[in-house]
Amino acid sequence: MPDAPVIHSADPSSFPHSVLAERHPALIRKVRDAFPYGPEQHRALDALLKSAVDGAIEPLDGDAWWEAWGVEEYVGRSWFEVPFLWSESYFYRRLLHAVGYFGPGPWQGVDPFRPFKLAELDTPQAAEEIAALDRLDGLPVEEQLQALLHGSLWGNRADLGFRIQAGDEKSATPELVADDSESLWPLLTGGTLVVVADNAGRELIPDLLLADRLLRHDRIERAVLHLKPYPYYVSDATTADLVDAVRHLVAAEAPVGRSLWSALGDGRLTLRAHPFSCGPLPYADMPDDLRAEFAAADLTIMKGDLNYRRLVGDRLWPPTTPFATPTAYFPGPVAALRTLKSDVIAGLDARTEPALVAAEGQGWRTSGAHALIQVRP
Ligand SMILES: O=P(O)(O)OC[C@@]1(O)O[C@H](CO)[C@@H](O)[C@@H]1O
């Protein structure tokens, strides 16, 4: 595979630098304000705040996965010197340690982001997504599925980490910078669809609506939903968030709630929470068991910005690099549904990037105003 520079955070004018220097401290303060933590956690959060801005990577004692993922190699180096993908992921691990998530103790398993995720389920926008389902029923199946695909795509804007920093961007240039959806439908002919989920709440609900319709119309026999094994990037969906979402749909008396409940019960919809889903590495480095799962699927859909970074590698590709190039290693057909919230991009045609730059400078890469559907059959 051709190489492109790995993204780091050292340049103070860069997007990754702003995530480490601004987004992470703001998030620590937000989490601290949301819970009546004790003195031990306050001390640990203060220490993390200091470390994240001007400290060095410390060991994560007794954490076998992180030892395998290179923590030893980076110990003692500045957070800003190591790959951006790695240091961000490490930040979330450290934040969970600071609040006692891994225990033992009374705060073990208490998700520090849960209040923010739950609030999302009660927004008017979430209610509108459910109400819109009734209007879909009268449409031809193809149109229903296309509408739900777009719902799942744009649901990715509902990312709480991103909204700690960003405004509500509007764009003058076309919203979809790449759209391979025509190559996606022929891959859904009755087999297994893997969805590697991203955010809970307003992104997970449309993902579930799409999976339910595909099952109902026999476009797939089985869906496998990959969730995070622990809280991550603020709003990433865990099993607890999936349960909240399905219970929310049932409580709203939307028939899809019961339909999902029974699909979970009879195995047409199954859940996974692989440790690598919270790993700091690109999917090119995935372990063999995960590779075998993706290889067995008829299609894997990667949701969201972080999964895109991990799929193509967190590198500054020339934007016209074909999507098939950095995804060539992936063991089966793969699609990315993503709103653009970081510098990484591949698979644009020759006219798109100059048009975006002329209209918006480099802001189009990170504003969340644009999205893509890319497929490598
Ligand atoms: O994966 P998601 O939820 O779509 O986005 C995650 C995100 O907000 O976090 C990173 C910066 O903190 C970027 O990759 C991206 O903007």
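Helices (H or I, at least four residues) and strands (E, at least two) are DSSP runs, numbered from the N terminus. This is a predicted model, in which local features need pLDDT of at least 70 and side-chain atom pairs count only at pLDDT 80 or more, while totals for chains, interfaces and linings use all residues. Residues are numbered from 1 along each chain as its sequence is written, and side-chain values use heavy atoms, with hydrogens and water left out.

Colour the chain by pLDDT, the predictor's confidence in each residue, from 0 to 100. The protein chain averages 94, and 96% of its residues score at least 70. For the complex, the predictor gives an ipTM of 0.96 and a pTM of 0.96.

**Stop 1: the two domains**

Select 15-110 as domain 1 and 126-376 as domain 2; such bounds come from an automatic or database domain assignment. Their centres, taken over C-alpha atoms, are separated by 27 Å. Contact here means heavy atoms within 4.5 Å. By that rule, 22 residues of domain 1 touch 25 residues of domain 2.

**Stop 2: the second largest pocket**

Next, select V6, L85, L281, P282 and D285. Of the 23 residues that line the second largest pocket, these are the closest to its centre. The pocket has a volume of about 310 Å³. On a 1 Å grid over the protein atoms alone, a pocket is an open set of points where a 1.4 Å probe fits, with protein on both sides within 12 Å along at least five of seven lines; lining residues have an atom within 4 Å of a point. Grid points are joined across faces, edges and corners, and the volume is the space filled by probe spheres set on the points.

Where does this pocket lie? Domain 1 and domain 2 both give residues to the lining, so the pocket lies between them. Show α4 (71-74), α5 (84-98) and α15 (304-312), each of which supplies at least two lining residues. The largest share, three residues, comes from α15. The lining divides into 16 nonpolar, two polar and five charged residues (Ala, Val, Leu, Ile, Met, Phe, Trp, Tyr, Cys and Pro count as nonpolar, Asp, Glu, Lys and Arg as charged, and the others, Gly among them, as polar).

**Stop 3: S89**

Stay on helix α5 and pick S89. S89 is buried, at 1% relative accessible area (buried means under 20%, exposed over 50%, partly exposed in between, with a 1.4 Å probe and protein chains only). Beyond its neighbours within four places in sequence, S89 is in contact with W66, Y232, Y233, C278, G279 and P280.

**Stop 4: backbone details**

Go to the loop between α5 and α6 (114-121), where P104 lies. A cis peptide bond, with omega about 0 degrees, joins G103 and P104.

Then select V234, in the loop between β3 (220-226) and α12. Its phi is positive, about 65 degrees, although V234 is not a glycine. Is V234 buried or exposed? At 1% relative accessibility, V234 counts as buried.

E253 sits in the loop between α12 (239-251) and α13 (255-266). E253 also has a positive phi, about 60 degrees, without being a glycine. At 72% relative accessibility, E253 counts as exposed.

**Stop 5: A371**

Finish on strand β7 (residues 371-376), which contains A371. A371 is buried, with a relative accessible area of 0%. Apart from neighbours within four places in sequence, its contacts include L153, W154, E175 and R338.
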